[in-house]
Amino acid sequence: MTAGAALARRIAAVSPAPLPVRRGGRVVAFDGNLLTAIGIDAPVGSRALIGVRRQPAEIIGFVEGRALLLGLAPLGDIAPGAALIADGLSDVIAAGPALLGRVIDGLGRPLDGQGPVRADRTLPAGGCTLGPAQRLSVTEPLETGVRAIDGLLSFGRGQRVGIMAGTGVGKSVLLGQIARWAAADVVIVALIGERGREITDFIERELAGAERTRIVTIAVPASDAPLQRVRGAERAFAIAEGFRGEGRHVLLILDSLSRVIHGARDVALARGEPVGARGYPASAMALIATLAERAGGERASGGAISLIATVLDEGNEGGDPLLDAARGVFDGHVLLSRGLAGRGQFPAIDLVRSASRVMADVCAPEHLAAAARFRRMTALIEDNRDLVLMGAYAPGADAELDAALALAPRLEAYRSQARGERVAAEVARRELADLVPA
């Protein structure tokens with residue numbers, strides 16, 4: 001080997017690795033929300049840093065060669081011609097056991113003061129939707145510790161459930177009970193679009209105790225940018241998929257799906273998409289099914305993601321397309337009633353308007369028969385409540401209604417549960433069988 005060749009090999013051995021490509025550009029328009037830049041050659045979904053403060057943003061589209069960007073935090077102090085640097089890389093999600101017990105934001109940054117999250121691997125934010133042949137059927141019950149659910153609306157492992165509720169009806173308490181008591185290996189709680197005070201209260205009150213060590217919390221308050229609501233939800237699903245790939249059963253609680261879709265709507269409108277029903281662009285509505293399809297059981301690993309997502313329902317007339325789309329995608333829905341909450345019954349579950357589509361697949365026939373009889377009695381009482389209160393009903397006119405009215409106090413007691421009272425699923429089933437024998 002010649003001296004020149006030997007020198008060339010030594011130089012190659014100590015040459016530094018190539019630096020990541022960073023493509024720079026300039027800001028040409030900014031309306032307080034949407035930012036337009038020239039000189040950017042990076043795909044949609046790439047991250048960028050704006051100005052001297054290096055404010056984070058993401059490319060959401062292109063118009064006539066100009067990049068459209070939205071901030072991942074509220075943007076400010078943007079000057080004309082401000083420098084912009086894009087690295088061409090989309091978001092990757094830190095995953096693994098190091099996240100257990102931690103609280104992070106929609107970008108994966110720690111919010112609990114416990115230092116950086118040192119996860120053992122990363123996953124793509126978009127995840128991988130399971131095909132029909134890759135999915136496990138829902139055949140095992142998911143015990144929640146809530147008597148009204150385990151006895152009357154039994155959930156299944158890998159099911160997707162929507163909790164339809166307005167404000168002030170006990171939704172947060174119910175979610176906290178399920179998060180603490182559900183029979184799952186890992187619980188991921190994504191608090192998206194709520195007020196900061198409510199997020200703090202939920203974490204400190206509902207997620208306190210020994211169960212906190214198996215919970216991962218993603219918090220995106222209402223003051224954060226709309227795009228971060230979407231990215232926070234995607235992060236929660238990606239983390240859940242990482243645990244599912246290890247063969248674990250993951251309970252993913254998304255509160256709320258409505259705020260995520262509202263964020264996606266704002267992003268789509270900024271991109272110039274045409275609006276559809278009630279102002280929702282098509283891409284925002286499609287996100288409901290996209291997220292829901294990422295849940296479920298995985299045949300290869302044996303793990304599963306059970307999804308419980310809340311949807312805002314204030315009972316407005318005319319129908320909400322978001323509600324209708326969620327009902328069409330989910331495998332069940334639980335409606336929380338303002339009337340029941342006003343009467344002091346918690347959880348305020350409206351049994352007549354709630355349903356679990358997989359209950360017949362995970363419960364024994366005698367359990368199904370008892371639950372059906374309980375629900376029928378409840379419906380009879382609710383349908384005739386006004387007649388009974390006015391004294392217009394004469395006992396003896398309907399034997400089935402008479403039996404239901406005689407059991408009414410016990411039926412209501414069965415459906416009620418104190419905030420800190422955990423009821424085992426076996427106990428809930430036994431009490432149901434004793435209350436309404438077949």
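The protein chain holds 14 helices and 20 strands. The model is predicted. Along its principal axes, the C-alpha trace spans about 105 × 50 × 40 Å. Of the 438 residues, 49% count as buried.

**Two helix pairs**

Two packed helices are described by the angle between their axes and the distance between the axes. The table gives these values for two pairs.

| Pair | Residues | Axis angle | Axis distance |
|---|---|---|---|
| H3 and H4 | 171-181 and 196-206 | roughly 45° | within 10 Å |
| H6 and H7 | 257-271 and 282-292 | about 140° | 8 Å |

Take H3 and H4. Their axes cross at roughly 45°, so the two helices are oblique to each other. H3 passes H4 in a right-handed crossing. On the H3 side, the contact is made by Ser172, Val173, Leu175, Gly176 and Arg180. H4 contributes Phe202, Arg205 and Glu206. By class, this contact has 3 nonpolar, 2 polar and 3 charged residues.

Now H6 and H7. They pack at about 140°. An angle over 145° would count as roughly antiparallel. That makes H6 oblique to H7. Their crossing is right-handed. From H6, the contact takes in Leu257, Val260, Ile261, Ala264, Arg265, Ala268 and Arg271. From H7 come Ser283, Ala284, Leu287, Ile288 and Leu291. The residues of this contact divide into 9 nonpolar, 1 polar and 2 charged.

**Helix H5**

H5 covers residues 226-245. Just after H5, Gly247 takes a positive phi of about 90°.

**Thr378 in H11**

Thr378 sits in helix H11, residues 365-383. Is Thr378 buried or exposed? Its relative accessibility is 4%, so Thr378 counts as buried; the cut-off is under 20%. Which residues does Thr378 touch, leaving aside its neighbours within four places in sequence? Thr378 is in contact with Leu351 and Arg415.

Terms used:
Residues are numbered from 1 along each chain as its sequence is written. This is a predicted model: local features need pLDDT of at least 70, side-chain atom pairs count only at pLDDT 80 or more; totals for chains, interfaces and linings use all residues. Side-chain values use heavy atoms; hydrogens and water are left out. Axes are lines fitted to C-alpha atoms, for helices over the stretch in contact, and angles run from 0 to 180 degrees between N-to-C directions. Helices (H or I, at least four residues) and strands (E, at least two) are DSSP runs, numbered from the N terminus. Angles under 35 degrees count as roughly parallel, over 145 as roughly antiparallel, 65 to 115 as roughly perpendicular and the rest as oblique. A crossing is left-handed if the near helix is turned anticlockwise from the far one by less than a right angle, and right-handed if clockwise. Contact means heavy atoms within 4.5 Å. Ala, Val, Leu, Ile, Met, Phe, Trp, Tyr, Cys and Pro count as nonpolar, Asp, Glu, Lys and Arg as charged, and the others, Gly among them, as polar. The expected span of a helix is 1.5 Å times one less than its number of residues. Buried means under 20% relative accessible area, exposed over 50%, partly exposed in between (1.4 Å probe, protein chains only).
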